[in-house]
Amino acid sequence: MASSLLLAVVFVFDLIAFALAVAAEQRRNTASLSEDTAGRKYCQYDSDIATGLGVGSLFILVASQVIIMVVTRCLCCGKAMRPSGSRSWAIFLFITSWVTFIIAASCLLAGSVRNAYHTKYRDLMGERAPSCQTLRKGVFAAGAAFIVLTGITSELYYVSFSKANNNGPPPYARDTGVRMGNL
């Protein structure tokens, strides 16, 4: 039987990771062109809080995935599951959970790295002003969307895994040995 406490903890972790990713999307860096005392133009960036929010979201997402994988022994360790539809769903959801997790983690990591990158004096020798590059809109939002998908698939995976391990009699419950006592 699936543990309601575990499902609640994983849901809360995923909810916090989602909220942090949405906050990171809202607080992305913006840049403006400024001029120093020597007359050189440079980019002035505002706060860098989105990087911290993105990294925090990534760590909480990883913690959520680790909790599910430790409890289920990552599907590959432990006793074999009973043949059933739940086993098929568990395998499918396990793969889907990891795919969505990798996409979410990639979006959050790439967004955090790119948000932390600042150009200062890019064109010192040229007459052109530096291009004040910032993070594209939607990177953290995509990460947040995949956090939701990861949460749904990982919790469904856990429930399917629990059903596959707890339904029906154990495999090979009958005596499979050869009796030689009646000879």
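**Notes on helix packing and a nonpolar patch**

1. The axes of α2 and helix α3 (residues 85-116) cross at roughly 160° and come within 8 Å. Axes here are lines fitted to C-alpha atoms, for helices over the stretch in contact, with angles running from 0 to 180 degrees between N-to-C directions. The two helices, α2 and α3, are therefore roughly antiparallel (over 145 degrees; under 35 counts as roughly parallel). α2 passes α3 in a left-handed crossing, meaning the near helix is turned anticlockwise from the far one by less than a right angle.

2. Before going on, a word on the model: it is predicted, local features need pLDDT of at least 70, side-chain atom pairs count only at pLDDT 80 or more, and totals for chains, interfaces and linings use all residues. Residues are numbered from 1 along each chain as its sequence is written, and side-chain values use heavy atoms, with hydrogens and water left out.

3. Now the other partner of α2 (residues 49-71): this helix packs against α4 at about 10°, the axes being 11 Å apart. That makes α2 and α4 roughly parallel, and the crossing is again left-handed.

4. On the surface there's a nonpolar patch with about 730 Å² of accessible area together, including Phe11, Phe18, Val148 and Ile152. Patch residues have over 30% relative accessible area and no salt bridge, with nonpolar side chains (Val, Leu, Ile, Met, Phe, Trp, Tyr) joined within 5 Å; a salt bridge is a side-chain nitrogen of Lys or Arg within 4 Å of a carboxyl oxygen of Asp or Glu. Areas are Shrake-Rupley with a 1.4 Å probe.

5. α1 (4-26) and α4 (139-166) each give at least two patch residues, and α1 has the largest share, six. Ile152 sits in α4 and is partly exposed at 45% relative accessible area (between 20% and 50%).

Terms used: Patch = residues over 30% accessible without salt bridge, like charges linked within 9 Å, V, L, I, M, F, W, Y side chains within 5 Å. Helix = DSSP H or I, 4+ residues; strand = E, 2+ residues; numbered from the N terminus. Buried < 20%, exposed > 50% of the residue type's maximum accessible area, 1.4 Å probe, protein only. Parallel < 35°, antiparallel > 145°, perpendicular 65-115°, else oblique.
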